[in-house]
Every structure is written in structure tokens, then in C-alpha cells.
Amino acid sequence: RPEALLALRVSGRSMEPSLYDGDLVIINTDDVTLKDGVVVAANYEGELVIKRLKRDQGQWYLASDSSDKVHYGDKRCTDGCGVIGRIVYRQTEHI
């Protein structure tokens, strides 16, 4: 359903090497199912974030792909994580 798709630009480096600052992503707002390992757009404490869902010991987390966990630590999810939709497409200029 085209009306369920949103496009936005990635801002920041927390999802490198999967997504880079300036990449274009398409979000399917019909897909808000929590599933381990998928990348989603979410409302985290009023901020739009793009993170990977991670399930650990019965808890859900929004995780960055960056190995720099000091600056980009996992964020514990509550109330369904505020998932806006799943990332279904990426356009990048990085090779």
C-alpha cells in the first residue's frame, strides 16, 4: 500500500555501517510488529530514531549498529517501543 510508505533521510552515525548519514530510507508504517533483528523507525521519548530491534532476556531494545556503544548504547523499550514502521528500503551513495 503506497499510502503506508514514508521516506526520510538518515541523520547521524549511530547505524553505521548499515545506514549512513544522508541515506534515504523507506518506512512501511503498516508493519509495526516487534521482531528481533529488523530495523525500524521509532518514537523514543519524543525523538524519531532509526534502530535495530533486539530482544534480550525477555526485554526489547532499540540498538544501534555502531560498535561505539559508549556513544550509541542500546535503549530499553517500553510500551511497544513506539514503533512507527519497519525500514523496507535504503538508498545510499556509499559503496
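What volume does the largest pocket have? The largest pocket has a volume of about 270 Å³. Here a pocket is an open set of points on a 1 Å grid over the protein atoms alone, where a 1.4 Å probe fits, with protein on both sides within 12 Å along at least five of seven lines; its volume is the space filled by probe spheres set on the points.

This is a predicted model, in which local features need pLDDT of at least 70 and side-chain atom pairs count only at pLDDT 80 or more, while totals for linings use all residues. Residues are numbered from 1 along each chain, and side-chain values use heavy atoms, without hydrogens and water.

The pocket is lined by 18 residues (each with an atom within 4 Å of a point), and Ser11, Ser14, Val49, Ile50 and Lys51 lie nearest its centre. By class, the lining divides like this:

| Class | Lining residues |
|---|---|
| Nonpolar | seven residues |
| Polar | six residues |
| Charged | five residues |

Strand β4 (47-56) is one of the contributors, and β4 gives the most, with five residues. Strands are DSSP runs of E with at least two residues. β4 is joined to β5 (residues 59-63) by five bridges, and the two run antiparallel; strands pair if DSSP finds at least two bridges between them.

Ser64 sits in the loop between β5 and β6. Ser64 is buried, with a relative accessible area of 5% (buried means under 20%, with a 1.4 Å probe and protein chains only). Its side chain makes a polar contact of 2.8 Å with that of Lys51, a polar contact being a pair of N or O atoms within 3.5 Å, one able to donate a hydrogen and the other to accept it.

Methods: Helices (H or I, at least four residues) and strands (E, at least two) are DSSP runs, numbered from the N terminus. Ala, Val, Leu, Ile, Met, Phe, Trp, Tyr, Cys and Pro count as nonpolar, Asp, Glu, Lys and Arg as charged, and the others, Gly among them, as polar. Buried means under 20% relative accessible area, exposed over 50%, partly exposed in between (1.4 Å probe, protein chains only).
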